[in-house]
Amino acid sequence: MPATGPDFISLQARDLDASQAFYERYLGLVRAPVGPAHAVVFDTKPIAFALRDLVPGTDLESVAQPGIGAAIWLHATEVQAIHDALVSDGHTIVSAPVDGPFGRTFTFADPDGYQITLHDRA
C-alpha cells in the first residue's frame with residue numbers, strides 16, 4: 001500500500017520551553033491538549049507540527065544549519081505582521097518578504113537555526 005502523504009513534522013529543540021514560547025509568541029501556535037512528555041505538539045491543520053527534546057546522539061551545535069536540505073513551509077494569515085515582530089525583536093530573517101505564487105512569503109530562522117518559510121496563500 002503506498003504512502004498517502006506527509007502527516008507529521010517534528011523539529012528537535014535544544015531548549016524545548018524556549019522554542020515552544022517562540023512559536024506561540026510569534027506564530028500564534030497553540031499546544032494540542034495531548035502529546036508525549038518529551039515533545040510539544042501544536043494544534044495545526046492539516047499536518048501536526050511539533051517540537052521535541054533532542055534525540056540522544058544529536059548535536060545541533062555541530063551543524064551550521066539544522067535541517068539543511070529540507071524545506072519547511074507553514075501557512076499564516078498575517079505574514080507581514082509576523083515578519084515585522086521578528087525583526088523588531090532582533091530575530092534572523094533569512095529572506096525578506098516577497099509577493100509571489102504562494103502569496104506574501106518570507107523565511108526566518110527559529111531559535112535552533114531551522115529555516116522556516118511562511119506564506120499566506122492557502
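1. Two strands pair if DSSP finds at least two bridges between them. With that in mind, and remembering throughout that this is a predicted model, one may look at F8, which stands opposite A48 in β3. The strands β1 and β3 are joined by six bridges and run parallel.

2. These strands belong to an open sheet of three strands, arranged in the order β1-β3-β2 and with mixed pairing. Because β1 (8-13) and β2 each have a single partner strand, they stand at the edges, and one side of each is left without a neighbour in the sheet. On average, and with direction ignored, neighbouring strands of this sheet are turned by 20 degrees against each other.

3. A second open sheet holds four strands in the order β4-β7-β6-β5, and its pairing is mixed as well. Its edge strands are β4 and β5 (93-100), each of which pairs on one side only. Between β5 and β6, which run antiparallel, there are five bridges, and the bridge partner of S95 in β6 is T107.

4. The helices should be read together with the sheets. Helix α1, made of residues 16-27, lies across β1, β2 and β3 and runs at about 155 degrees to β3; α1 also lies across β4, β6 and β7, running at about 155 degrees to β6. Helix α2, for its part, lies across β5, β6 and β7, and runs at about 25 degrees to β6.

5. What does the largest nonpolar core contain, and which of its residues touch the most other members? The core has 24 residues, of which L11, Y23, L27, F108, I116 and L118 touch the most other members. At least two residues of this core are supplied by each of β1, α1, β2, β3, β4 (72-75), α2 (79-88), β6 (103-109) and β7 (115-119), while the largest share, five residues, comes from α1.

6. Leaving aside neighbours within four places in sequence, I116 is in contact with L11, Y23, I72, L74, F106, T107 and F108.

Definitions and conventions:
Residues numbered from 1 in each chain as written. Predicted model: local features only at pLDDT ≥ 70, side-chain atom pairs only at ≥ 80, totals over all residues. Heavy atoms only, no water. Axes fitted to C-alpha atoms, helices over the stretch in contact; angles between N-to-C directions. Contact = heavy atoms within 4.5 Å. Core = buried A, V, L, I, M, F, W, Y, C linked by side-chain atoms within 4.5 Å. Buried < 20%, exposed > 50% of the residue type's maximum accessible area, 1.4 Å probe, protein only.
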